[in-house]
Amino acid sequence: MKARKIPLALATAVLVASSLAAAPAPALAQSRPLGGLFSCDGSGNKQEGGALIGAAAGALLGRNLAKNEKTLGTLLGAAAGAAAGSYIGCRMQSTDAALAEQATKKALETGVAQTWYNKRTGHSGRVSVLSSSYGPPVDSRNLRFASGVQTLPSYEAAGGAYVAAGSTNLRAGPSTRTATIGKLAAGESFDALGLAPAGGWVLVGRGGEAVGYAAASLVRPAGQAVASCRVIDASMSGGGQGTSSQRYSACRDARGEWRLTQA
């Protein structure tokens, strides 16, 4: 059987596709460092979109190059296009990566939502902080309670000193239906011994003793509490595409670096 010749341009495309496809894709780790989300091997609509666009363009190129070998040319062209498109997708990510990573890191450190905008690409994004935690749960058996203060089995870690935004009632339990057993003056600081698991209430401490519950909406951290974990929502829009978003759980590792997992 006579061997059929493949045009030089198509042969070159075959070599490119083969070399690009030969490198195995890294396995997705359960958690990754902050910078890993913005690297080329990170998953994302941009990279996948680039691969799909590249595949379509490559298929058309392959058909034109192969002439009579249209099926073979289409397949090889699509392979080369997908590989090149994936690379282009990575390039698209990298133009926004520095801004997105900076905003994400600041949101994780401060607990305050951050936005970014890249005038070069027209893409913008927002990183919202949905929740924060400041350590392992607090066992109530390790706390002292004043007489009349209700005890819960455990509390979420609160993160340190708090201050009352205004005159605030202290309640016997984490509910407005419980008795008022004291007050916090406006600007008064206190130790937040824990947060009620159901949310909305802070266990107020004085001299190491729990003296009542204050509504979380009426008090705030006295300084910047150092969170151990946060849940964030990262969204991105622009470039003629709709808004896409993804939720992540982020926790500090033993070195204090943030590691994220897709929630």
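1. There is one disulfide here (a pair of cysteine sulfur atoms within 2.5 Å). Cys229 and Cys251 make it, with their sulfur atoms 2.0 Å apart. The torsion about the S-S bond is about 115°, so the disulfide is right-handed. The pair ties together distant parts of the chain, 22 residues apart: Cys229 sits in strand β14 (residues 229-238) and Cys251 in strand β15 (residues 241-252). Strands (E, at least two residues) and helices (H or I, at least four) are DSSP runs, numbered from the N terminus.

2. Bear in mind that this is a predicted model: local features need pLDDT of at least 70, side-chain atom pairs count only at pLDDT 80 or more, and totals for chains, interfaces and linings use all residues. Residues are numbered from 1 along each chain as its sequence is written, and side-chain values use heavy atoms, with hydrogens and water left out.

3. Now the sheet: six strands form an open sheet in the order β1-β16-β15-β14-β3-β2, with antiparallel pairing (pairing takes at least two DSSP bridges between two strands). At the edges are β1 (32-33) and β2 (114-118), each pairing on one side only. β2 meets β3 (residues 123-133) over five bridges, antiparallel.
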